[in-house]
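Open the model in your viewer and keep the selection tool at hand.

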Amino acid sequence: SAYGSTFEVATKVEGGDVTPTGTVTVKDGSNVLATGELVDGEASVTVDTTKLSVDDHTLTVSYGGDAGHDLSSTTVGVEVVKGDPGLAANVSTTKYGTSAVVDVTAEAGVSGLVTVTQGGAFAGLGFLIDGEGSVTLGKTAFKPGTYDLTVAYGGSQTYKPDTTTVELTVVKGSTTIKKGA
């Protein structure tokens, strides 16, 4: 499962002629990840991968027992891989001599450095914090024209690196002529 998503742990508890009732708990070591109530001896427990590290895990699925049934447990393996940050960017048409701002978004929880390049040349640096950020470009970094910018997120321990492109249009600044004194 990818970090930032959920997965289901489906369980069936059998107990002879009488259907077991009670709670099923999913743990990673001593860390409780999720619980679910048995319905007709079955439970589907939703586990949020943000409660796990990116790695292989052996989870313990435990049934706590009821008045007529003993507790029992089993294990299930899950691999949590880095999630897709879902990087997106937007920039408005900008007048020459004003700073263009590249607004960057990603999935909630994504944080880290973001760079903007144009034709392989560095244009700006910013930060994503919990899936939101911006990069302010220099006032005279781009002459009037249209530019394809590459916005890159470097990745983290939990999210893969990602890139997207955005088109920046810089228009000429307005001028006025004043009478001399």
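Two strands pair if DSSP finds at least two bridges between them. Strands themselves (E, at least two residues) and helices (H or I, at least four) are DSSP runs, numbered from the N terminus. This is a predicted model: local features need pLDDT of at least 70, side-chain atom pairs count only at pLDDT 80 or more, and totals for chains, interfaces and linings use all residues. Residues are numbered from 1 along each chain as its sequence is written, and side-chain values use heavy atoms, with hydrogens and water left out.

**Stop 1: the sheet**

Select S7 and strand S9 (residues 101–105). They run antiparallel, joined by four bridges. Val-91 stands opposite Val-102 in S9.

Now widen the selection. Eight strands form an open sheet, in the order S7-S9-S12-S11-S10-S13-S14-S8. The pairing is mixed. Which are the edge strands? They are strand S7 (88–91) and strand S8 (94–95), and each pairs on one side only.

**Stop 2: the core**

A nonpolar core is a set of buried Ala, Val, Leu, Ile, Met, Phe, Trp, Tyr and Cys residues joined through side-chain atoms within 4.5 Å. Buried means under 20% relative accessible area, exposed over 50%, and partly exposed in between (1.4 Å probe, protein chains only).

The largest such core has 40 residues. Select Val-102, Leu-137 and Leu-149, which touch the most other members. Strand S13 (residues 145–153) supplies the largest share of this core, four residues. In soluble globular proteins, nonpolar side chains tend to be buried together.

Centre on Leu-149. What does Leu-149 touch, not counting residues up to four places away in sequence? A contact means heavy atoms within 4.5 Å. The partners include Val-102, Leu-137, Phe-142 and Thr-164.

Thr-164 has 19% relative accessibility, so Thr-164 counts as buried. Beyond residues up to four places away in sequence, Thr-164 touches Leu-87, Ala-88, Ala-89, Leu-149, Thr-150 and Val-151.

**Stop 3: the aromatic pairs**

Rings of Phe, Tyr and Trp (its six-membered ring) pair if their centres lie within 6.5 Å; planes under 30 degrees apart count as stacked, over 60 as edge-to-face and the rest as tilted. How many aromatic pairs does a search of the whole structure find? It finds two.

Select Tyr-3 and Tyr-159. This pair is edge-to-face, 5.5 Å centre to centre with 90° between the planes. Tyr-3 lies in the segment before strand S1 (6–12) and Tyr-159 in the loop between S13 and S14, so the pair ties together parts that are 156 residues apart in sequence. Tyr-3 is buried, with a relative accessible area of 16%. Tyr-159 is buried too, at 4%.

Next, select Phe-142 and Tyr-147. Their pair is tilted: 4.9 Å centre to centre, 55° between the planes. Phe-142 is buried at a relative accessible area of 8%, and Tyr-147 counts as buried at 17%.

**Stop 4: the whole chain**

Zoom out. The protein chain has zero helices and 14 strands. Its radius of gyration (taken over C-alpha atoms; the globule rule is 2.2 Å times the number of residues to the power 0.38) is 26 Å, well over the 16 Å that the rule gives for 181 residues, so the chain is more spread out than a compact globule. Along its principal axes, the C-alpha trace spans about 100 × 30 × 20 Å.

Colour by burial to finish. Buried residues make up 31% of the 181 residues.
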